[in-house]
Amino acid sequence: MKSKILLLTVVLLASGSAVPQKSDCDTNCQKRYSYCISSGKGSQRACLVELEKCRKACLKKEKSGLSQ
């Protein structure tokens, strides 16, 4: 039983360190999404669509920044 708990702990710690850091752009997208949901300016689906558009724009911006 202790070995299962130890193994689970190791896996959880390893997965936590493998999570990539969010960029400022991603953080801003998440803030905009939270505001959209909490303010009631759009439905949850509409807010999710805007979040995905924002994330795609971030990826595009990051890729173009790396190629320069």
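How many helices and strands does the chain have? The chain has three helices and zero strands (DSSP runs, numbered from the N terminus: helices are H or I of at least four residues, strands E of at least two).

This is a predicted model, in which local features need pLDDT of at least 70, side-chain atom pairs count only at pLDDT 80 or more, and totals for chains, interfaces and linings use all residues. Residues are numbered from 1 along each chain as its sequence is written, and side-chain values use heavy atoms, with hydrogens and water left out.

Start with the whole chain. Of its 68 residues, 10% count as buried (under 20% relative accessible area; exposed is over 50%, partly exposed in between; 1.4 Å probe, protein chains only).

Next, select Cys 29, Tyr 33, Cys 36, Cys 47, Leu 51, Cys 54 and Cys 58. These seven residues form the largest nonpolar core (buried Ala, Val, Leu, Ile, Met, Phe, Trp, Tyr and Cys joined through side-chain atoms within 4.5 Å). Helices H2 (24–39) and H3 (44–67) each supply at least two of the core residues, and H3 gives the most, with four.

Now centre on Cys 54. Beyond its neighbours within four places in sequence, Cys 54 is in contact with Cys 29 and Arg 32 (heavy atoms within 4.5 Å).

Move to H2. Its buried residues are Cys 29, Tyr 33 and Cys 36. Seen down the axis of H2, they fall within an arc of 60 degrees, so they line one face of the helix (the arc is that of the directions from the axis to the C-beta atoms). On the face turned away, select the exposed Asp 24, Lys 31 and Ser 38.
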